[in-house]
Amino acid sequence: MFEGIEFVNKEFFWLFLLLPLVIVWYVFKRNKQTAELKMSSLKGFKVTSSWLTKLKPIMFVLRLLALTLLIMALARPQTVDVSSKTKTTRGIDIVMAIDVSASMLAKDLRPNRLDALKEVAAEFIKGRPNDRIGLVEYAGESYTKTPITSDKAIVLRSLKSIEYNNIIEGGTAIGMGLATSVNRLKDSKAKSKVIILLTDGVNNSGFIDPKIASELAIEYGIKTYTIGLGTNGMALSPVAIDPRTGQFQYGRIKVEIDETLLKEIATATGGKYFRATNNKKLEEIYSEINKLEKTDVEEFKFYNYEEKYRPLVLLAGFLLLLELLLRNTLFKSFV
């Protein structure tokens, strides 16, 4: 009955402690509420029992119910409908540049570098509901997988479909991957523009120098976070393709990441360099970037109060009128 109802002035419930006292008072005074006639003998009189006398306490019950309803009305019952509206005051546009060269199939991360990245990046994307995100793939060349968009379902589908293929020219063109990402963001009207560039190798391909690409990022006010992906030392990596099965053959190869270059790019653009040597470290890196690049969101709450005391007062008034009517009609000769 009172589901969803709050009482604003709960202190009035203390008045319920008076009700037992009222009941006790009524019990003691009940016999004195009717007129008495003392006679020495009832011989010669016919004794009958009136049903009206038995129903007379109903007036006290009505008054007691009315008093209960009035106390509840004084406690001011109401329902509160809370609605909220969020307003993004500082949106961020993010492009994730992902290395898809064959070395990303190395198994120093589980199950391999590329799949580990896709899993962590998907959680990062889900945690940015108010930002626009785009994807860029690069190996020996680069291209836009998904333009920046606020539709996270599209971005997640595109991320899931990323895999190594031999259509893209082999190698690692860090400069081209960065330049393509800058090109996606240069016309953005967002107050903050960010590139997350991930690679597991050195710049050995492409016709755009990474330092030139970083200068473009600086010119357009784009911050770049760089991530070097790969364990320290040796890693089980693709070394050849089996001509009979078409599958990669793996061998242990020394992990080489141009950390100096990645640090220079990050520092020059106002970003930060990270090294991910395992799955857990990769998760921590994306979590840290998520904290560093916060979107300012304002939340407005609207409260709609609906008072519920009026029906209680009306019902209490009706009970009192009914009690008054009975007192002056049906029970008039007995009160």
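Serine 181 lies in helix H6; helices here are DSSP runs of H or I of at least four residues, strands are runs of E of at least two, and both are numbered from the N terminus. At 0% relative accessibility, serine 181 counts as buried. Buried means under 20% relative accessible area and exposed means over 50%, with partly exposed in between, using a 1.4 Å probe and protein chains only.

Before I go on, this is a predicted model: local features need pLDDT of at least 70, side-chain atom pairs count only at pLDDT 80 or more, and totals for chains, interfaces and linings use all residues. Residues are numbered from 1 along each chain as its sequence is written, and side-chain values use heavy atoms, with hydrogens and water left out.

Back to serine 181. Leaving aside residues up to four places away in sequence, serine 181 touches Val95, Ala97, Val136 and Ile195, where contact means heavy atoms within 4.5 Å. Serine 181 and leucine 135 are 46 residues apart in sequence, and their C-alpha atoms are 8.2 Å apart in space.

What about the rest of H6? Of its 12 residues, 10 are buried, so H6 is largely enclosed by the rest of the structure. Among the buried ones are Ile174, Gly175, Met176 and Gly177, and also Leu185. The length of H6 agrees with expectation, because 12 residues at 1.5 Å a residue should span 16 Å and the end C-alpha atoms are 17 Å apart. The expected span is 1.5 Å times one less than the number of residues.

Next, strand E6, residues 192-199. 8 of the 8 residues are buried, so E6 is largely enclosed by the rest of the structure. In a regular strand the side chains alternate between the two faces of the sheet. In E6, Ser192, Val194, Ile196 and Leu198 point one way, while Lys193, Ile195, Leu197 and Thr199 point the other way, and all are buried.

Which strands pair with E6? Strand E3, residues 92-99, pairs with E6 in the parallel sense over 7 bridges, and isoleucine 94 stands opposite valine 194. E7 also runs parallel to E6, joined by 7 bridges, and there lysine 193 has isoleucine 222 as its bridge partner. Two strands are said to pair if DSSP finds at least two bridges between them.

On to helix H7, residues 210-219. Which residues of H7 are buried? They are Pro210, Ala213, Ser214 and Ala217. They sit on the same side of H7, because they cover an arc of only 100° around the axis; that arc is taken from the directions from the helix axis to the C-beta atoms. The face turned away from the buried side carries the exposed residues Glu215 and Glu219. Covering the buried residues are elements that include helix H6, strand E7 (222-229) and helix H8 (259-269).

At the start of H7, a side-chain oxygen of aspartate 209 comes to within 2.8 Å of the backbone nitrogen of lysine 211. After H7 comes glycine 221, with a positive phi near 65°.

Now arginine 113, which is found in helix H4, residues 113-126. Is arginine 113 buried or exposed? Arginine 113 is buried, with a relative accessible area of 2%. Its side chain makes a polar contact with the side chain of aspartate 200, at 2.7 Å. A polar contact is a pair of N or O atoms within 3.5 Å; within protein, one must be able to donate a hydrogen and the other to accept it, and residues adjacent in sequence count only if both atoms are side-chain atoms. Not counting residues up to four places away in sequence, arginine 113 touches a set that includes Ser103, Met104, Asp200, Leu229 and Val255.

One hairpin. Strands E8 (residues 234-241) and E9 (residues 248-254) run antiparallel and are joined by 7 bridges. Methionine 234 has lysine 254 in E9 as its bridge partner. The hairpin has 6 residues between the strands, and glycine 246 takes a positive phi near 80°.

From the record: an unreviewed UniProt entry lists residues 12-28, 58-75 and 309-326 as "transmembrane region". UniProt positions are in the numbering used here, feature names are shortened, and annotations may be inferred rather than shown by experiment. In the model, residues 58-75 are 94% helix and 0% strand, with end C-alpha atoms 26 Å apart. Residues 309-326 are 100% helix and 0% strand, and their end C-alpha atoms lie 26 Å apart.

Last, the totals. The protein has 10 helices and 11 strands. Of its 335 residues, 39% count as buried. Among contacts between residues at least 6 apart in sequence, 80% join residues at least 24 apart.
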